[in-house]
Every structure is written in structure tokens, then in C-alpha cells.
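Let's walk through this structure together, one piece at a time. Keep the sequence and the 3D view side by side as you read.

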Amino acid sequence: MMLLKEKIEGQLPEWRERVRKLLREKGDVKVGEISIAQIYGGMRDVKSLVTDISYVDPAEGIRFRGYTIPEVLSQLPKPMGNEMPYIGGLYYLFLVGTIPTVEQALDVENEWKKRGKVPEYVFDTIRAMPADAHPMTLFTLAVLTLQRDALFSKQYHEGLKKDSYWEPMLEDSMNLIAKLPEIASFIYRLKYKNSEIIPSDPNLDWAGNFAHMMGIIDPLYKDLSRLYFLLHSDHESGNVSAHTTHLVASSLSDIYYAASAGLCGLAGPLHGLANQECLIWLLDVREKCGECSYEKSALRQFAWDTLKRGQVIPGYGHAVLRKTDPRYTAQLEFGKKYFPNDEIFRLASLVYDVVPDVLREQGKAKDPWPNVDAISGALQYHFGIKEFDFYTVMFGVSRILGISANAVWARALGQPIERPKSLTTTMLEEIAYKTA
Ligand code: NMX
Ligand code: MLT
């Protein structure tokens, strides 16, 4: 039996009883209230979702299964001679809840190797799309195309018992994740590198193999890929990609349907597409400010001009965080260590000295600090990935780790179809003026 399956199966009776007990004994305890401002305001801070895989503390940032980003980076097993961990180990942590040994991390990596062959029909579908289709469209489509092979849908129609729903969900998730590096790098090479596809190297780990298939020679790019996929993987359940995936999967859609829906949400400029927007913004600074790009006064003016045009400064602000995103800090440290004098990296780090003050002066954004997207593109740019409309695909590859792990556990714990209640404006007015 697959190790991950065995480990989840071992924990399930206890988890199911824990949730049953809480519901039985304390099901009517109130966790919060909801105001009219929250209903109209994107449900900000409404506590209505549950996940044990990650938690975002506004003042501290993300913890994966209780571990901070620096703890995860230092404690997860790493390929020999490298500084960044196996992503197989991260997935083990997500699903099992404990830091794996090297053998356990490699067990996940080996499962992915066994399941990695991408069916030709996926490539044919991508090739059939117009040449100017956005890479996120191609990626989302590729994930959806794989739905043909969904085990969950097949077994459900064969009469699978509810207690076992999570098993094909896990199998499907493993099958999907295994194929992502090859699909993503195929899109990149097809679109930007003359269709010169680089075959997969079975000796490499999942993230290292992605770096190899992208055609980046510098061995450090393998570690950046491991870092990138780790940092973007999960951010609790309320963000658009995670919440969309959860919502769609709650109707018992399989992971291919649900993850492709989540990716569509990730493709929005206020969410994952912000990494592309950030790079565009930095290149714009360089083009318009020229030599002065590195002067704080010029950067300040540029930031103000952006705001005055009614646009957001991409990569800054957050719905939950109220401090610098630790995912930003981890990437900043990587750049400072390996290429502090890189032009675009320097510019991205200088923006950090200027933009928070500008946003505070403007007084609108509740969080003036950088998020994960503010610097990720600058690191890719350093390694020659200059086609910024590809950046969100890498975010998507990584995000599927988190959303699929959540989908497996949601199904294991029998979470029901999601269906909140809506009201009309008249009803809200009646409630408001009656209680006033
Ligand atoms: N630049 C300019 N204005 C901003 C920014 C920003 N970076 N961040 C927030 N604001 C504005 C926001 O547009 C809103 O204005 P208005 O009242 O006119 O609608 C006001 O400040 C209050 O917004 P907040 O409550 O602080 O933020 P909210 O929770 O609504 O949105 C984001 C969070 C992340 C969508 C927002 O900060 C933003 O648009 N940031 C830039 C885009 C970005 O970096 N997105 C990536 C987020 C991370 N990710 O990968 O998903
Ligand atoms: C994410 O990683 O999903 C973003 O930081 C957005 C969020 O958490 O709201």
C-alpha cells in the first residue's frame, strides 16, 4: 500500500471521532458573527472554513502543520548537496502532519516518478490552442483534460462507499501532481523555446526535474524551484484558489475539475497573476526611470503615479497578513545570498524600502507590506525566465500541492457540499434598520 495512504488510514479513526465529538458536544457554540460590511466586503475575516494543513497568522504569516517557513526549510529532508527540501517531503508533511524522514520524503517522490507519464492527448490539446493563448489557460486546460482518467468519478459511479471517498481522491491527486512539472515545462518550451521539448530525467527529484525540463542550465535553479514550489503551495483555506477548489470539490467533483477551477481563480491579477504584474511593474520602472530607477525619490514618484492612475501596486498588501510575508522574506534572502547585484533583484528589494511608506501615506491599504508575489518574478528573471506571463503557471503547479492535500482530508472527514445563504439588499436593510 502507498505509504501516504497507510499513514492517513492510521490517523483517520481518531480524526473522525475528534470531529464527531466536537460537533456532538459543542456544535452550537458560536465562533463569530457577521456584519453587513463583511457580507459586502468579500467576507473578510469571517471564520467559516476549517483546515489543519496550514494557518495564516496576520502578524506572523503562514505555518504549515504548525511549522514556520524557516522551520520547514531547515527541517524537511533535502537532496544531497542542496539547500532546499524535497517537495515530496512537503507533501508528506501536508498529508500526514509530521516532518518526514528522508526515506518517507523519497517514497512520495518515487510515487510521483511512477505516475509521471503525461498522456499524449494532453499535449495534443495544448498544441491545438491558439499560439497567443495565455499559459494559464493552457495549464488549466491541461489539468481539466486529465479528468478523463479520474479514478474518483469512475469509482463513485461504481458505488464506492462514503468512508472510502478519500482513497481515489488521494490516488488522483498523486497522479495529477506527478504530471505537473512535465506539463508546465512543456507549455513553456512550446510557447517560448521553439517547441524544443526537453525530456524528463528520472534521476531527478520532482522540482529538480522541472528545473531541468525548463532548460535552465545553472544548477542553482533546481534549488530555486524547490523553494518556489514550497513557498507557494498553501495559504490556509480562504484564498481564492483554495476556496474555489474546496467549493467545487464539495459537490464531489474530482480533483481535476476542482483544481482547474481553483487555477482559474489563481489567474486573476489580485491573486496569483500578481507575480506577472509585479515584473511588468518593475520593468516599467526601469524603462521609464532609466538611470534613476535606483533612486528612492524616483521610485516613490513612480509608486504614487501608479496609485493616482487608480491602479494597485502589485505584490503589496494582503487580505489577512499585516506584516511582511515570510514567503517574501525567504525569497529575498535567497536572492541576497546568491545574486545581490542582479539588476531586477536589486530593484525589487529597493521597492521594499519605498512602497510601504507610500501605501501608508495613501492610507487605504490595510497591509502596506510585500506579499509572496513582490519578488518571485525577479528571481525567475535572474535565471533567464523572462516570459513573465508564465510565472502564474509555476504558482499553479505549487498551489495544487496544498489544494489537493486539503481535498483529500476534506473527503476523508466527510465535509459536506458547501452552500452558504444569500439575502437580498432589502432584507439586509430590514435587518439593519430594525436593529438600529
Ligand atoms: N496598491 C494600491 N491599493 C491597495 C493595495 C495596493 N497594493 N492593496 C490594497 N489596496 C487598496 C484596495 O484596493 C482597497 O481600495 P478600495 O477601498 O478603493 O477598494 C483598499 O486599499 C483596502 O484594501 P485592503 O482591505 O487593504 O485589501 P483587500 O483585502 O481588499 O485586498 C489584495 C487584498 C491582496 C487583493 C490587495 O492588497 C491588492 O490588490 N494587492 C495588490 C495585488 C496583489 O499583490 N495581489 C497578490 C496577493 C497575494 N497572492 O498571491 O494572491
Ligand atoms: C495566497 O497565497 O493564496 C495569497 O497570499 C492570497 C491569500 O492568502 O489571500
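Which residues in H14 meet which residues in H19? Asn275, Gln276 and Leu279 in H14 meet Tyr391, Thr392 and Phe395 in H19, where contact means heavy atoms within 4.5 Å. By class, this contact of H14 with H19 divides into 3 nonpolar, 3 polar and no charged residues. Here Ala, Val, Leu, Ile, Met, Phe, Trp, Tyr, Cys and Pro count as nonpolar, Asp, Glu, Lys and Arg as charged, and the others, Gly among them, as polar.

A word on the ground rules. This is a predicted model, in which local features need pLDDT of at least 70 and side-chain atom pairs count only at pLDDT 80 or more, while totals for chains, interfaces and linings use all residues. Residues are numbered from 1 along each chain as its sequence is written, chains are lettered from A and ligands numbered from 1 in the order in which they are written, and side-chain values use heavy atoms, leaving out hydrogens and water. Helices (H or I, at least four residues) and strands (E, at least two) are DSSP runs, numbered from the N terminus.

Back to our pair: helix H14 (residues 274-289) and helix H19 (residues 391-412) pack at an angle of about 150°, with their axes 7 Å apart. Axes are lines fitted to C-alpha atoms, for helices over the stretch in contact, and angles run from 0 to 180 degrees between N-to-C directions. H14 and H19 are therefore roughly antiparallel, a term for angles over 145 degrees, just as those under 35 count as roughly parallel.

Now look at another pair. Helix H1 (residues 3-26) packs against helix H4 (residues 87-96) at an angle of about 20°, and their axes are 10 Å apart. This makes H1 and H4 roughly parallel to each other. On the H1 side, the contact is made by Leu3, Leu4, Lys7, Ile8 and Gln11, and on the H4 side by Tyr91, Tyr92, Leu95 and Val96. Glu6 also sits in helix H1. Its C-alpha atom is separated by 9.8 Å from that of Val96, 90 residues apart along the chain.

Finally, find the sheet. Its 3 strands form an open sheet in the order S1-S2-S3, with antiparallel pairing; two strands pair if DSSP finds at least two bridges between them. Strands S1 (54-57) and S3 (67-68) are the edges, each pairing on one side only. Strand S2 (residues 61-64) is joined to S3 by 2 bridges, and Phe64 stands opposite Tyr67 in S3.

Notes. Parallel < 35°, antiparallel > 145°, perpendicular 65-115°, else oblique.
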